[in-house]
Amino acid sequence: NRAECCGRLFSDAQSKQLRAWAAEPHGLGVLVVGQPLFEVASRRKGDFADYRLADYEGDYAALMELLGRAARSTTVLTGDLHFNRVAWSSLPASAGKVERRVTELISSPLSLVAGGRLLSWLGDWSPAPDKASLPAHHSFNGASMHTDESLRSSAEGTMLLEFYRRGQRVFCTVTQWRLDDLDAGRTSFRKEYFLGISP
């Protein structure tokens, strides 16, 4: 429901659903969006590009506020960048809250667009920014941002996510197969990530 740049990202009904979802105190929050949250505003749209979520300043700031103030950790599943990336932010513990994380998992299966190098001019891979495009006093600005640079893949392939708990700690094992690896029966990447505490 997003409008032409750079008005609203969500309808009134979607905004209400997001607020109710973010207020849930238990478990792990999982949010699926079409574009990454950990990106800076682009301020442009070209033949091969689109406005980013961060270009929609009001709704983007509101969404990040919900994640920054949520009582639980959140995992964001997204794509669009034509590469794979794992990044996370750590929100420090505060009164009545344990440390929380927002982890973003990016998988773009057709990274090179059906075997071509059409999008190579955009760059093959980039880390998440050190800071999101948010107002100076936004609550999320207190979060530290990290990118796992051991997964620097722009190859076509697929990603498998396995979520599980150990006590109150929630983890995800990320496994990536490149198309070139499938016949050999081997994975190109496999690693476990801590996602947060789930009381």
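Let me begin with a term: a residue is called buried under 20% relative accessible area, exposed over 50%, and partly exposed in between, using a 1.4 Å probe and protein chains only. By that rule aspartate 130 is exposed, because its relative accessible area is 65%.

What we have here is a predicted model, in which local features need pLDDT of at least 70 and side-chain atom pairs count only at pLDDT 80 or more, while totals for chains, interfaces and linings use all residues. Residues are numbered from 1 along each chain as its sequence is written, and side-chain values use heavy atoms, with hydrogens and water left out.

The chain averages a pLDDT, the predictor's confidence in each residue from 0 to 100, of 85, and 89% of the residues score at least 70.

Now the sheet. Taking strands as DSSP runs of E of at least two residues, and helices as runs of H or I of at least four, both numbered from the N terminus, and calling two strands paired if DSSP finds at least two bridges between them, we have 5 strands in an open, mixed sheet in the order S1-S2-S4-S3-S5. Its edge strands are S1 (29–32) and S5 (144–147), each pairing on one side only.

Within that sheet, S3 (residues 85–91) and S4 (residues 100–106) run antiparallel and are joined by 7 bridges; arginine 85, for instance, has isoleucine 106 in S4 as its bridge partner.

To return to aspartate 130, this residue sits in the loop between S4 and S5, and its C-alpha lies 9.9 Å from that of asparagine 141, 11 residues apart in sequence.
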